[in-house]
There are 2 protein chains.
Amino acid sequence: MNNTGIIILAAGNSSRLGTAKQLLHYQGQTLLLHIVQEALSCHPAAVIVVVGAEAQAIAETLADRDVSICYNADWSTGMASSIRKGMTQLIAENSMVTNCIVTVSDQPHLSGQNFSQLDKLQSKTGKGIVASTYAGTIGVPVLFTHPYFELLLSLQGDQGAKKIVGQHLDDLATVGFEQGAIDIDTPEDMIHLSQKLVTVSEAQAIIRKYATHDYISCKSLTDVNGYVLAESIVSTCDIPNFRQSSMDGYAIRYADRMDTLEIVGEMRAGRQARVTLTFGQAVRVFTGAPLPEGADTVVMQEKVFREDDKLTIKDDQLTIGMHVRQKGSEAQQGALALGAGHLLTPAAIGFLGGIGCQEVLVYDGPTVGIIVTGDELQELGKSLNFGQVYESNSLQLRAALQQAGIKKVQRYHAPDDPKKLEAVLTAALQDCDLILLVGGVSVGDYDFVVQTAVAQSVVPHFHQVKQKPGKPLFFGTKGKQLVFGLPGNPSSALTCFYLYVLPALDQMMQRPESLLTKTAITTADYYKNTGLTHFIKAYIDDEGRVLPLQAQESYRLQSYAHANCLLVLQEESPGVQAGEEVQIILLP
Amino acid sequence: MNNTGIIILAAGNSSRLGTAKQLLHYQGQTLLLHIVQEALSCHPAAVIVVVGAEAQAIAETLADRDVSICYNADWSTGMASSIRKGMTQLIAENSMVTNCIVTVSDQPHLSGQNFSQLDKLQSKTGKGIVASTYAGTIGVPVLFTHPYFELLLSLQGDQGAKKIVGQHLDDLATVGFEQGAIDIDTPEDMIHLSQKLVTVSEAQAIIRKYATHDYISCKSLTDVNGYVLAESIVSTCDIPNFRQSSMDGYAIRYADRMDTLEIVGEMRAGRQARVTLTFGQAVRVFTGAPLPEGADTVVMQEKVFREDDKLTIKDDQLTIGMHVRQKGSEAQQGALALGAGHLLTPAAIGFLGGIGCQEVLVYDGPTVGIIVTGDELQELGKSLNFGQVYESNSLQLRAALQQAGIKKVQRYHAPDDPKKLEAVLTAALQDCDLILLVGGVSVGDYDFVVQTAVAQSVVPHFHQVKQKPGKPLFFGTKGKQLVFGLPGNPSSALTCFYLYVLPALDQMMQRPESLLTKTAITTADYYKNTGLTHFIKAYIDDEGRVLPLQAQESYRLQSYAHANCLLVLQEESPGVQAGEEVQIILLP
């Protein structure tokens with residue numbers, strides 16, 4: 001498509017949506033960026049993005065993309081001014097361009113294929129205009145050949161390219177693009193869009209895109225076990241900062257080893273007096289003690305014969321420098337001690353302490369808010385009334401967060417009342433970096449958690465995953481805040497935590513993945529319908545045999561309490577028979 | 001030996017030792033119990049233990065053993081009274097006995113073989129007396145045949161059996177028992193005894209004997225992640241305590257499923273109003289809501305046709321009771337919910353919360369004291385003077401303890417001064433259940449940590465293990481308190497922590513072992529001397545290939561900071577070559 005330019009109209013102000021639709025997120029990126037990428041994938045002569053309302057914010061999202069940003073100050077006068085501006089810039093940048101595709105920025109299902117089909121059909125038919133059709137109408141993207149450029153440059157007010165198409169139907173070819181009818185005008189459009197079932201791996205990929213690791217804190221070395229270094233540490237001194245004996249024995253000059261030596265002193269660890277030794281002399285030394293000036297070697301006490309102050313050495317294997325720790329042998333002043341990204345194990349912490357390090361920058365964990373919803377929930381310690389159940393989700397999620405090294409956790413409770421939930425969510429969004437909304441995400445008449453989140457400007461990325469349990473999982477973001485809507489059934493909530501929240505935490509804290517997968521042999525049959533990935537509570541024994549447990553119902557935790565792994569059966573699997581190999585996820 | 005009785009003299013008061021020597025521990029049990037077990041292993045006619053001083057405490061240690069306890073109230077008049085009492089009881093219990101072996105309770109190296117050798121030599125030689133010889137003298141154990149019983153019963157004051165032997169040298173045979181010369185009279189004797197090198201598995205077995213799990217605490221469910229239940233939990237109510245819908249749909253009577261039903265109400269989760277339904281009626285229900293009285297089945301909302309208040313069901317697969325969670329289906333009132341010994345995972349905690357449990361008894365972790373010793377240690381944040389090193393051992397051990405779930409940790413520092421160390425250790429023994437003494441356990445002239453511990457009535461069990469690094473490891477107990485003396489070199493200290501302290505903590509808290517071992521293929525050669533088990537800092541990659549790291553010196557932590565496993569080479573191994581299979585311990 002090297003003679004075709006693409007103009008993307010992105011100057012409107014999305015009045016019905018309440019937020020710039022160009023910045024809405026779809027499958028892990030902004031809608032506009034999605035369209036830009038699809039355009040660039042066709043290798044056109046140029047991609048022009050015409051911006052107006054919120055121009056700067058939109059332009060920033062396109063930094064590093066090979067597009068021309070064209071600012072239309074008159075965007076509020078209607079679409080014609082944006083088409084004119086875009087055409088002018090396209091021709092100015094690329095005078096050889098013979099075709100121009102005009103498109104908009106609110107069709108989430110637009111792909112590169114749509115552009116290339118227009119181009120191919122133009123070549124094949126020789127028609128001057130090639131347009132897309134959907135829902136019984138003609139629309140964008142639409143391709144105009146060179147003869148129409150003047151007409152495009154003369155459009156006025158809120159006239160669109162559609163006017164030109166209507167006047168030249170005999171020079172028109174069309175391509176079907178049914179999904180073009182789906183555009184984004186209201187928040188509900190976004191919810192419906194994100195309600196599309198995603199697969200488990202799609203859901204995980206989307207979360208990975210948004211889990212940022214810029215929560216960096218300076219912490220004392222006493223407080224960083226299990227964290228990852230966010231800076232490189234350079235040693236500020238030589239360690240050890242003196243030559244040190246590594247044995248209990250005698251410091252000597254290696255050259256004197258055959259002589260009878262005179263013991264002239266003693267050096268032990270922690271004594272700061274300096275001792276000097278000259279030829280024919282030895283000094284009694286203990287492990288960790290500084291070597292006397294003049295000495296170069298230590299003989300073990302087991303390898304000498306001592307009588308009063310006289311010392312004779314009986315050591316065939318003695319070499320020069322033996323049993324001496326050289327200055328700087330553990331760490332050299334100015335040298336890299338540990339690099340950014342290093343996991344702080346007890347040994348790494350001891351090492352850093354040993355070189356005098358007191359505090360370090362680490363990738364910190366987010367502050368997590370747990371919002372449990374539901375009028376049926378009763379607090380522990382009170383008796384159950386008719387229709388009530390004990391609220392146990394926050395307990396198990398707190399424990400799982402604690403196990404994941406998250407120290408800042410706040411719990412909120414919201415009744416089944418949109419106004420009250422809204423207030424609780426507003427508070428949580430002020431205090432927390434990551435929010436777990438528990439319950440109210442399925443599609444019953446009284447589930448309004450997702451709507452409330454979207455009304456609070458949480459951008460939905462998906463709602464529903466092709467899995468069991470945990471199908472109603474919701475995921476959205478607000479800035480760099482992550483919002484998970486977990487199903488209210490305890491078993492589903494915990495499985496979604498392990499599969500989605502825990503990997504997000506690992507990524508935020510830049511540490512190795514907490515979940516390990518392996519293969520095992522199942523000891524019982526398990527059958528399922530195809531279509532959803534199943535995560536089955538199971539127990540793996542020391543011999544690697546895995547037993548799917550009874551009581552898999554998602555409202556129950558009894559089998560989960562006995563499980564140490566999840567057995568994974570993929571979407572297309574009809575189940576397994578005893579003796580077959582299966583994939584399992586070991587619970588942390 | 002069914003005609004021979006054994007009399008063990010254990011009535012003395014161990015004046016030089018300061019504590020009852022019969023209660024001293026040797027290789028994981030009291031010295032007296034060791035001798036009793038050796039005696040029983042020969043299947044003699046009877047074993048008589050004569051007690052006097054501290055009779056009750058000593059007798060308690062022998063409960064359940066097949067011995068007769070004989071109390072000698074006159075023990076302070078000398079050994080003769082104990083021999084007389086023992087002989088009298090032996091004859092009274094077993095009139096057929098023809099031989100009697102007399103022995104004492106302070107020979108740690110005595111074994112069953114010593115007794116059986118005496119018996120065999122008597123049969124072979126026909127001599128009336130068979131005695132042990134060591135260090136140029138004749139001593140116990142000594143066997144007397146029936147003709148000597150009268151003489152034994154007539155001994156007086158502090159006369160011992162040796163007097164009779166001396167008067168009948170012509171009727172004497174002797175058996176060599178050189179180690180019989182080693183007995184326990186002073187605290188130093190105990191240290192020397194425990195300085196014997198033990199193997200890694202012997203050391204681990206000894207520690208296992210003393211790591212008690214009676215630190216039981218009652219904790220809130222919010223605080224028990226990773227602990228193990230020390231009680232069985234019985235459900236106090238049915239959960240759920242009402243019949244509950246598991247779907248959004250309509251509650252009906254199954255018998256009415258073919259009819260057009262009238263929708264007469266709605267039930268949602270958390271509403272306590274009771275609704276009743278009769279034939280021809282349906283009630284709209286949501287997930288978690290109570291089922292109306294009279295209903296027995298829920299139809300999913302996807303499987304009905306609704307027009308105003310009229311409902312028609314389109315569900316071929318409907319069965320009676322479908323989508324209904326029965327009362328008590330998760331937990332039944334009075335039934336066992338989780339047994340003692342259950343590991344409290346997040347799911348188990350959620351399950352217990354769900355049945356209304358608020359707090360539980362768990363095996364708690366001990367309060368741990370870390371005592372770092374050494375005049376050369378400098379605090380972090382201060383600059384290093386000549387001869388000083390930063391104190392990093394407490395940092396890495398704190399981190400390792402934190403990782404092991406230990407919440408109560410106190411740090412102490414003691415200079416190289418026996419009096420000051422004694423004061424610190426006294427304080428730590430008052431506050432802590434498990435003490436890590438770091439440094440000062442090797443054999444240099446200024447290492448007095450072990451002596452100080454023994455002077456504080458810490459019973460030594462071993463001192464030195466056949467391993468590298470970490471050979472000078474010390475282990476002792478005071479009552480149920482555990483005292484580990486870790487080497488001061490940071491790398492040795494941490495390896496000893498993982499190999500010995502962590503398994504002790506696991507056992508005290510009754511949880512699964514923290515250390516996992518597996519086999520791997522080494523990617524580099526590593527050679528060693530035979531005689532010691534080596535634990536080599538190493539890195540295992542995702543493909544199971546393990547690389548021994550550079551810088552294994554025990555004063556260094558740099559390689560440990562990069563290690564994720566320890567490669568184990570047994571005592572007799574000369575090393576490994578690249579490509580060979582090795583055993584590794586995964587670091588937690």
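Does A:Gln510 count as buried, exposed or partly exposed?

1. With 17 C-beta neighbours inside 10 Å, A:Gln510 counts as partly exposed, where a residue is buried if 20 or more other C-beta atoms (placed from the backbone) lie within 10 Å of its own, exposed if 12 or fewer, and partly exposed in between. A:Gln510 sits in the loop between α13 (490-508) and β31 (516-522) of chain A, and its phi, near 60 degrees, is positive although the residue is not glycine. Helices (H or I, at least four residues) and strands (E, at least two) are DSSP runs, numbered from the N terminus.

2. On provenance, this is a predicted model, in which local features need pLDDT of at least 70 and side-chain atom pairs count only at pLDDT 80 or more, whereas totals for chains, interfaces and linings use all residues. Residues are numbered from 1 along each chain as its sequence is written, and chains are lettered from A and ligands numbered from 1 in the order in which they are written.

3. Between the chains, 69 residues of chain B are in contact with 69 residues of chain A, contact being taken as C-beta atoms, placed from the backbone, that lie within 7 Å.

4. The same surface serves both copies, since 100% of the contact residues of chain B recur in chain A.

5. Helix α13(B) deserves a look of its own: 16 of its 19 residues are buried, and the helix bends by about 40 degrees at B:Phe497, the bend being the angle between axes fitted to the seven residues ending there and the seven starting there. Just after α13(B), B:Gln510 takes a positive phi of about 60 degrees.

6. In helix α8 of chain B (residues 200-210), the buried residues are B:Val200, B:Ala203, B:Ile206, B:Ile207 and B:Tyr210. Seen down the axis of α8(B), these buried residues fall within an arc of 130 degrees, so they line one face of the helix; the arc is that of the directions from the helix axis to the C-beta atoms. The face turned away from the buried side of α8(B) carries the exposed residues B:Ser201 and B:Arg208. Among the elements of chain B that cover the buried residues of α8(B) are β29 (474-478), β30 (481-486) and α13.

7. Two backbone details remain to be checked. A cis peptide bond joins A:Ile239 and A:Pro240, with omega about -10 degrees, and A:Pro240 lies in the loop between β11 (233-234) and β12 (244-245) of chain A. A:Glu54, in the loop between β4 (46-51) and α2 (55-61) of chain A, has a positive phi near 50 degrees.

How values were computed: Contact = placed C-beta atoms within 7 Å.
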